[in-house]
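Welcome! Take a moment to look over the sequence and turn the model around before reading on.

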Amino acid sequence: MLDWLPKAAREMREDAGRRTVHIAAPADLDVSTVNRFENGLTIPQHLDKLIAAYASEIEIEPIEIWQYALALWENST
């Protein structure tokens with residue numbers, strides 16, 4: 001499931017027309033951390049904080065990102 005979370009977050013961010021810097025700044029993270037997350041290279045230590053930043057920036061609830069990731073996973077099987 002965690003493999004699909006970065007894809008979900010990236011797609012939702014891009015669909016909202018936001019850039020990684022818009023996610024990183026409010027989460028007090030480096031843009032490279034967000035990029036590594038979106039590329040599936042790492043799961044940040046404070047994943048909840050990062051997902052909350054995505055949700056806040058694209059004006060949704062964090063659970064919606066998890067639900068989309070779940071849907072992506074379900075559709076892949």
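What share of the 77 residues in the chain do buried residues make up? The figure is 32%, where buried means under 20% relative accessible area, exposed means over 50%, and partly exposed lies in between (1.4 Å probe, protein chains only).

## Before we start

This is a predicted model, in which local features need pLDDT of at least 70 and side-chain atom pairs count only at pLDDT 80 or more, while totals for chains, interfaces and linings use all residues. Residues are numbered from 1 along each chain as its sequence is written, and side-chain values use heavy atoms, with hydrogens and water left out.

## The chain as a whole

The secondary structure of the chain comes to five helices and zero strands. Read from the N terminus on, the elements run α-α-α-α-α. Helices (H or I, at least four residues) and strands (E, at least two) are DSSP runs, numbered from the N terminus.

How does the chain compare with a compact globule? With 77 residues, such a globule would have a radius of gyration near 11 Å, and the chain agrees because its own value is 11 Å. That radius is taken over C-alpha atoms, and the globule rule is 2.2 Å times the number of residues to the power 0.38. Along its principal axes, the C-alpha trace spans about 35 × 25 × 20 Å.

## Contacts, surface and charge

Contact means heavy atoms within 4.5 Å. Of the contacts in the chain with a separation of 6 or more, 58% are accounted for by residues 24 or more positions apart.

The chain exposes about 4,700 Å², and carbon and sulfur atoms supply 48% of that area. Accessible areas come from the Shrake-Rupley method with a 1.4 Å probe; for residues, only the protein chains shown count as cover. As for charge, the mean positions of the 7 positive and 13 negative charges are 8 Å apart. Lys and Arg count as positive and Asp and Glu as negative, while His and the chain ends are not counted. The place of a charge is taken as NZ of Lys, CZ of Arg, CG of Asp or CD of Glu.

Helix H4 covers residues 47-58, and its 12 residues should span 16 Å at 1.5 Å a residue; the end C-alpha atoms are 17 Å apart, which agrees. The expected span is 1.5 Å times one less than the number of residues in the helix. Which residues of H4 are buried? They are Leu-47, Leu-50, Ile-51, Ala-53, Tyr-54, Ala-55 and Ile-58. These buried residues pack against helix H1 (4-15), helix H2 (20-27), H3 and helix H5 (62-76).

Tyr-54, which sits in H4, counts as buried because its relative accessibility is 0%. Leaving aside residues up to four places away in sequence, Tyr-54 touches Ala-9, Arg-13, Ile-23, Val-34, Phe-37, Glu-38 and Ile-65. Tyr-54 and Ala-27 are 27 residues apart along the chain, and their C-alpha atoms are separated by 8.8 Å.

Thr-20 belongs to helix H2 and is buried, because its relative accessible area is 14%. Apart from residues up to four places away in sequence, Thr-20 touches Arg-13, Val-31, Val-34, Asn-35 and Glu-38. Is Ala-25 buried or exposed? Ala-25, also placed in helix H2, counts as exposed because its relative accessibility is 55%.

Ser-32 lies in helix H3 (residues 31-38) and counts as partly exposed, because its relative accessibility is 30%. Ser-32 and Val-21 are 11 residues apart in sequence and 9.2 Å apart in space, C-alpha to C-alpha.

## Residues in the loops

Most residues other than glycine have a negative phi. Asp-28, in the loop between H2 and H3, is not a glycine, yet it has a positive phi of about 55°. Asp-28 is exposed, with a relative accessible area of 65%. Glu-59 follows H4 and lies in the loop between H4 and H5. Glu-59 also has a positive phi, of about 60°, although it is not a glycine, and it is exposed at 73% relative accessible area.

Gly-40 is found in the loop between H3 and H4 and counts as exposed at 53% relative accessibility. Where is Gly-40 relative to Pro-6 in space? Their C-alpha atoms are 6.1 Å apart, although Gly-40 and Pro-6 are 34 residues apart in sequence.
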